[in-house]
Amino acid sequence: MMEEEPPNSSEGQQGWFTARNGSDTSLDLETTVVQPLALNPWDVALCISGTIIACENAIVVVVIFYTPAFRAPMFLLIGSLATADLLAGLGLILHFAFVYFIPSEAVSLLTVGLLVTSFTASVSSLLTITIDRYLSLYNALTYYSERTVTRTYIMLILTWGASICYGLLPTVGWNCLKEPSTCSIVKPLTKNHLIILSVSFFMVFAVMLQLYVQICKIVCRHAHQIAVQRHFLASSHYVTTRKGIATLAVILGTFASCWLPFAVYCLLGDYSYPALYTYVTLLPATYNSMINPVIYAFRNQEIQKVLWTVCCGCFSSTMPFRSRSPSDV
């Protein structure tokens with residue numbers, strides 16, 4: 001009777017990434033029906049990564065939400081990034097739980113949709129933070145105005161609106177469950193869907209790269225002007241400039257090293273490729289959501305003060321906050 005079992009009954013139990021031809025991670029259909037699904041170490045690694053991501057970003061979201069002083073545009077954008085990464089971490093955890101304990105095609109579509117939405121919102125939030133930093137330097141005199149707040153809300157609406165639309169596509173029918181030949185390296189997303197996401201990523205990365213180049217030029221120019229006005233030594237000017245450029249390089253380099261391998265493989269890979277390649281490129285991409293709180297939140301002095309207050313009461317909760325621009329973060 002085992003031969004009469006429909007093939008779809010076990011497809012949802014073969015992990016997130018199913019490679020039908022030559023994949024070492026594919027499971028035999030007959031064994032899957034009789035025996036519980038064996039844990040894939042890569043799925044466990046993604047679940048652990050998701051747990052760390054969720055814990056880190058939950059702290060940032062709670063701190064920003066419950067601190068009235070954190071209502072400036074800069075903190076709203078950091079909060080958006082932390083919320084997106086928090087949802088990404090929860091999505092990885094839920095995906096692991098549903099694949100191994102409650103296998104279902106409908107649930108698989110929902111969890112993949114959540115992951116697409118959250119990771120798209122995370123990358124888009126990084127772009128909005130970069131735009132905000134650039135404008136805080138380029139329009140320093142008019143940055144603290146009502147227009148900045150309005151612009152911030154518009155960027156947030158566009159970011160989350162586009163991300164939710166991307167995430168809804170698999171659930172409203174744009175998936176490969178009925179046509180396996182259209183599958184991408186990330187089942188149940190279609191190849192065309194993943195190509196659109198990858199091309200969008202490269203566009204975001206190109207804009208961020210251009211903006212950070214402009215930021216470097218502005219930082220160098222400002223540092224030189226300050227050095228001339230205050231009669232600093234050339235070495236001091238060099239140290240200040242190098243420190244600013246190094247910080248920007250770390251930010252952009254971290255983003256690129258985490259996401260570029262997966263984005264490139266999304267364009268070049270095929271559903272018949274071994275699932276191992278997908279895991280190897282996707283796992284580093286999740287690390288970006290793990291590193292984001294460290295770069296954008298925990299380095300912020302105001303957030304550090306609140307965290308110290310919560311942990312050990314080292315600072316008074318009524319302590320005034322120094323106004324900072326995004327370029328300081």
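Which residues form a nonpolar patch on the surface? The patch consists of Val199, Met203, Val264, Leu267 and Leu268, which together have about 450 Å² of accessible area. Helix H7 (191-229) and helix H8 (234-268) are the elements that give two or more residues to this patch. H8 supplies the largest share, three residues.

Some terms need their cut-offs. Patches take residues with over 30% relative accessible area and no salt bridge, joining like charges within 9 Å and nonpolar side chains (Val, Leu, Ile, Met, Phe, Trp, Tyr) within 5 Å. A salt bridge is a side-chain nitrogen of Lys or Arg within 4 Å of a carboxyl oxygen of Asp or Glu. Accessible areas come from the Shrake-Rupley method with a 1.4 Å probe, and for residues only the protein chains shown count as cover. Buried means under 20% relative accessible area, exposed means over 50%, and partly exposed lies in between (1.4 Å probe, protein chains only).

The model is predicted: local features need pLDDT of at least 70, side-chain atom pairs count only at pLDDT 80 or more, and totals for chains, interfaces and linings use all residues. Residues are numbered from 1 along each chain as its sequence is written, and side-chain values use heavy atoms, with hydrogens and water left out.

The chain has ten helices and zero strands; helices (H or I, at least four residues) and strands (E, at least two) are DSSP runs, numbered from the N terminus. Of its 329 residues, 45% count as buried. The accessible surface comes to about 16600 Å², and 68% of that belongs to carbon and sulfur atoms. Where contacts (heavy atoms within 4.5 Å) link residues at least 6 apart in sequence, 76% join residues at least 24 apart.

Helix H6 (residues 146-168) has 23 residues and reaches 33 Å from its first C-alpha to its last, close to the 33 Å expected at 1.5 Å a residue. The expected span is 1.5 Å times one less than the number of residues. Among the buried residues of H6 are Met155, Thr159 and Trp160. The buried residues of this helix pack against helix H4 (73-101) and helix H5 (105-138).

Thr128 is found in helix H5 and counts as buried because its relative accessibility is 5%. Leaving aside residues up to four places away in sequence, Thr128 touches Leu77, Met155 and Thr159. Its C-alpha is separated by 9.8 Å from that of Met74, 54 residues apart along the chain.

How many disulfides does a search of the whole structure find? The search finds one disulfide, a disulfide being a pair of cysteine sulfur atoms within 2.5 Å. Cys176 is joined to Cys183, with 2.0 Å from S to S. Their link is right-handed, with 90° about the S-S bond.

| Residue | Relative accessibility | Class |
|---|---|---|
| Cys176 | 1% | buried |
| Cys183 | 3% | buried |
| Cys47 | 14% | buried |
| Cys266 | 3% | buried |

Tyr273 is found in the loop between H8 and helix H9 (275-298). With a relative accessible area of 37%, Tyr273 is partly exposed. Tyr273 and Ser184 are 89 residues apart in sequence and 9.6 Å apart in space, C-alpha to C-alpha.
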